[in-house]
Amino acid sequence: LASSILPGTLDLLILKAVSLGSQHGYGILLRIEQTSENSLLVEQGALYPALYRLETAGLISSEWGQSENNRRAKFYSLTPAGRKRLREETANWKRLVEAMAMALNAKAVAE
Amino acid sequence: MRTLFRRLNRRSREREMREEMEFHLVARIDTLVERGMTREAATRTARIEMGNVGAYEEECRAALGYRLWDELRADLRFGLRHLVKQPGYTAAAVTILALAIGVNSALFTVFSSRALEPLAIRGADRHFELVSIDKQGRSSSLWTASEIEKLRQAGGDRVEDLYTAQTIQVLLTAPVQRYGIAAFVSGNYFQLLGARAEAGRTFSAAEQGDPVAVLSRSGARRHFPDNPAPIGETVRVGKTNLTVVGVMAPEFIGTEAVIPDLWIGSGLVAAPVDDSPKFERKYSVSGLLAPGASREQAEVRLSAAATHLPRPAEDGVARIELRERSTFLAGDGELLPVIAILFVAFLAVLGIACANLANLSLARAASRAHEIAMRLSLGASRARVVRQLLTESVTVALGGAGLGIVAGLLGLKFLEGRVATLAGGLGVVMPSLEADWRVAAFAAALGVLAGLAFGLAPAIEITSPSLRVAAKREQVSLAGRMRPKRMRQLLIAGQAGSSLVLLLLGGVLARHLQKTSDISPGYDMDRIFYLGSGAELIAPTTTDSGAALLEELVRRPEVAGASAVQSVPLVGRLPKYAATADGILRHVAYNHVDHRFFETLNLKLQGRSFMPREVETRAHVAVVSLSAAQTLWPGSAPVGQTVLIDRSTTEKPAAPEPHEVIGVAPDVMWNGWLFGQDANVVYLPAAPGHGVTQDVIVRIHGEASAAIPAIREVCAGPAHGAGCEPSSLREVSRMQRVPLEIAAAIAGLLGALGLAMTAVGLSSLIRYTVLERRREIGVLLVLGATPMRVVRRLTGEALLCVGLGSALGLPICLVASRFLDASVLGIEGFPVSAYLLAPALLAAITALACVAPARRAARLDPMASLREE
């Protein structure tokens, strides 16, 4: 079942997708879909403000190039600052997931 | 930098953004077709998946930092459109701000060009004034030549060098006779300050005592208008002919706020008349720190040397202070409080303007409440609307600032022209006042501040939530939303009071000026001339030449009388001695005069005047003024009485000497307009040219145009030789009244400005009140009140405000008047005309300001205003 993305996690997903290699916007979207096995869906236009935000923040950089079907496309790649941020955010995310899992799995002790 | 670049690149960024999203869409359609959809279905699906492209583009722009910029532009456009739609308000606001910011930027222009603009010399930031502080903490900046030499050596590698400079007014008698400003400087002056001659050369340390002069560009233009490079020409100062060796480049104007006409070696400064062997000439000293050296280091070095200078114990130097002099006014900070007070007063005018405009904007809020409530309901955030309103007020304020700079400059240039004309007569040329980037920045900053100041409160007020509720009910009533009205009334009262004070002060001064020109000083100001001569420094008059000059003068048919005096009427202030009569000690003003004095002023004496023999021997006789006679011997005849006069000073202690009163002179005006009058004067005899009597006054027969050349001829002749420039006491008095005239003009201007603002403020207050109380007015009208009564009632309230302000302002005026009354002869403390006119003017303007809005109130449809609730 497809679920919409938690607010604030799109940036992390993009960073992850870009870290796998330089890619254009549509490619990033496909990567997110593939790697999450279609379980995470984004309204596709929302990708672009996120990309522009990340670029303005210096976490990714862009370059115009040729796409696989020979069209002009803008390719994004991770900057060193982006790589560092990805590491931090991933660690944070894991901690959060563990904490949430623990909290949600807790049994009623008192009863 | 990067954002700027992006902004410039905006168009291509927009294109790229669209291209990128287009690519995405096409690629998605391809993918969907590959997965087996028809192209049509794929296109539709892709578009749905993409979402609202316009909204995302907008978000992208925000991410790129374009949005703030876009919004600002939109706000600006909207604000301008709004302002154009309300030309009345816009014109009023811009005018008020232009006036308020204009006076401030004019003041700042003066400040900037005198206290911020560095001196046009080499190493201006290292320039200092050498000041000694003695053990009592008193400061002095005078040093003897040998002391300066010792200090120069002591400075070592901390001080680049020291120089001396003394700027004074002199009378040039050739090529044309006129006053000029001369700077007597040490020989190293030019080289040290990096001053370059445009034509010819400067002089060196070896020529410090040679009769050579270097002209400033403006000096050359004044004294040799037909010769751009008068090298080798002669200028005559006093009795000395100086050869012009150079003309300085126009950018070099020295280190004082007056531009010297010429620079002369300090070796030419003559010793003073009182030439005792102990006496050594002293110079004021300035210098440059060595590059990289700190002021403290140099002070330590110089202090160590200065404390060992051979000086009498009471003159001993405790330490040296190097006062920074990188600009005309930098340094001791004595002027700082004055400057601060001026700025506070001028900024207060801007404060009043802002308060007024805030009032005006609040009144306007009524017409905008609906529009703003609508925008808020449509989802604009409150901050966004406040920002838009502030953009509008700042736009107005910046417009005012722009106009203000122009107005300020025009006013300043006018004033500068007036002052330059007056100063030019004394040979004083001042560096011109230039508006620079600092002035523009200052005015712009004031504009932004003023815009925020008068825009913020109304903006917050009219966007407040309760208004939105009111708007939803389709009502624009502002009832119950306003801050306490009393605050605004007090504001208006304060304004009315302060403008009344300023107006009255201006009125009192103006009235006084008018009166003083009618007052008879006791002598004929048009026929008594004062022979100004600035030549003493170069060649002192000796006793012989002084007497010879007077003899020569009285022989002339154009001259009715000539006399040597210590103090000239209206010039400076009479010194005081302790005088004891009948055992009671009083301080009386005194003046040393020769035997022709009373006849020269044309005064009729009771008793007799001094004999020539008495002035030669400085006999112990005295003539007293009528007032002095009444003070010293009330009720008894003064002639034949004896007065003990104590002439001792701190340097020369002496026993009091008895003087016999031989005559009584009528009271005449002595001190200048600013010093206050003292009619108690004792005249003591002294011969012409004697140490104390250095000045000469002349009474003429017939026309001044014939007498002046004759007097000049005598001064230039063999008897004197130093030249002189006769000016009538009328002219002297006119010059002295200039500060009063300027004060009256400034007070009047600020008062008028305050009054105009008060009128605007009142008008808006009434409009506001009307909106606020339309129900009450409606009730009044329904209950049968005539429109006239409504108008009267509203106007009455405004007059009450103004009345309150006047009640506050009048006591201040009375105190100020009393102060003036005590300080200057003949000033009428309570000129009835001024005290009646100013409040009447205020009341008239109040009434005028109120009538229009009050009448609008009276025309309200009572039913409509009652139905509103």
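Asn602(B) sits in the loop of chain B that runs between α17 (597–601) and β17 (606–607); helices (H or I, at least four residues) and strands (E, at least two) are DSSP runs, numbered from the N terminus. The model is a predicted one, in which local features need pLDDT of at least 70 and side-chain atom pairs count only at pLDDT 80 or more, while totals for chains, interfaces and linings use all residues. Residues are numbered from 1 along each chain as its sequence is written, chains are lettered from A and ligands numbered from 1 in the order in which they are written, and side-chain values use heavy atoms, with hydrogens and water left out.

Most residues other than glycine have a negative phi. Asn602(B) counts as partly exposed because its relative accessibility is 45% (buried means under 20% relative accessible area, exposed over 50%, partly exposed in between, with a 1.4 Å probe and protein chains only). Arg618(B), likewise not a glycine, has a positive phi of about 50 degrees. The loop that holds Arg618(B) lies between α18 (612–617) and β18 (621–625) of chain B, and with a relative accessible area of 23% Arg618(B) is partly exposed.

Chain B contains 25 helices and 23 strands, and 50% of its 869 residues count as buried. Taking the contacts in chain B between residues at least 6 apart in sequence, 78% join residues at least 24 apart, where contact means heavy atoms within 4.5 Å. Chain B exposes about 39800 Å², of which carbon and sulfur atoms supply 61%; such areas come from the Shrake-Rupley method with a 1.4 Å probe, and for residues only the protein chains shown count as cover.

Ser286(B) is 123 residues away from Tyr163(B) along the chain, yet their C-alpha atoms are separated by 5.5 Å. Not counting residues up to four places away in sequence, Tyr163(B) touches a group of residues that includes His127(B), Asn188(B), Tyr189(B), Thr255(B) and Ser286(B).

Glu392(B), in helix α12 (residues 382–425) of chain B, has 3% relative accessibility and so counts as buried. Its contacts, leaving aside neighbours within four places in sequence, are Gly79(B), His82(B), Leu83(B), Arg364(B) and Arg368(B). Glu147(B) is part of helix α7 (residues 145–155) of chain B and, at 6% relative accessibility, is buried. With neighbours within four places set aside, Glu147(B) is in contact with Leu309(B) and Arg311(B). Between Glu147(B) and Ala306(B), 159 residues apart in sequence, the C-alpha to C-alpha distance is 8.1 Å.

Over all chains, the structure holds 37 salt bridges, each being a side-chain nitrogen of Lys or Arg within 4 Å of a carboxyl oxygen of Asp or Glu. In chain A, Arg53(A) is bridged to Asp11(A), with the closest N and O atoms 3.9 Å apart. Arg53(A) lies in helix α3 (residues 47–56) of chain A and Asp11(A) in helix α1 (residues 10–19) of chain A, so this pair ties together parts that are 42 residues apart in sequence. In chain B, Glu207(B) and Arg201(B) form a salt bridge at 2.9 Å, N to O. Glu207(B) is buried, with 14% relative accessibility, whereas Arg201(B) is partly exposed at 38%. Another salt bridge links Glu416(B) and Lys413(B), at 3.1 Å between the closest N and O atoms. These two residues are three apart in helix α12 of chain B, about one turn of the helix. Salt bridges that share partners also join Glu14(B), Arg18(B), Glu57(B), Glu58(B) and Arg61(B) into one network.

The surface carries a nonpolar patch of about 480 Å², made by Trp93(A), Leu96(A), Val97(A), Met100(A) and Leu104(A). Patches are made of residues with over 30% relative accessible area and no salt bridge, joining like charges within 9 Å and nonpolar side chains (Val, Leu, Ile, Met, Phe, Trp, Tyr) within 5 Å. Trp93(A) is found in helix α4 (residues 80–105) of chain A and, at 33% relative accessibility, counts as partly exposed.
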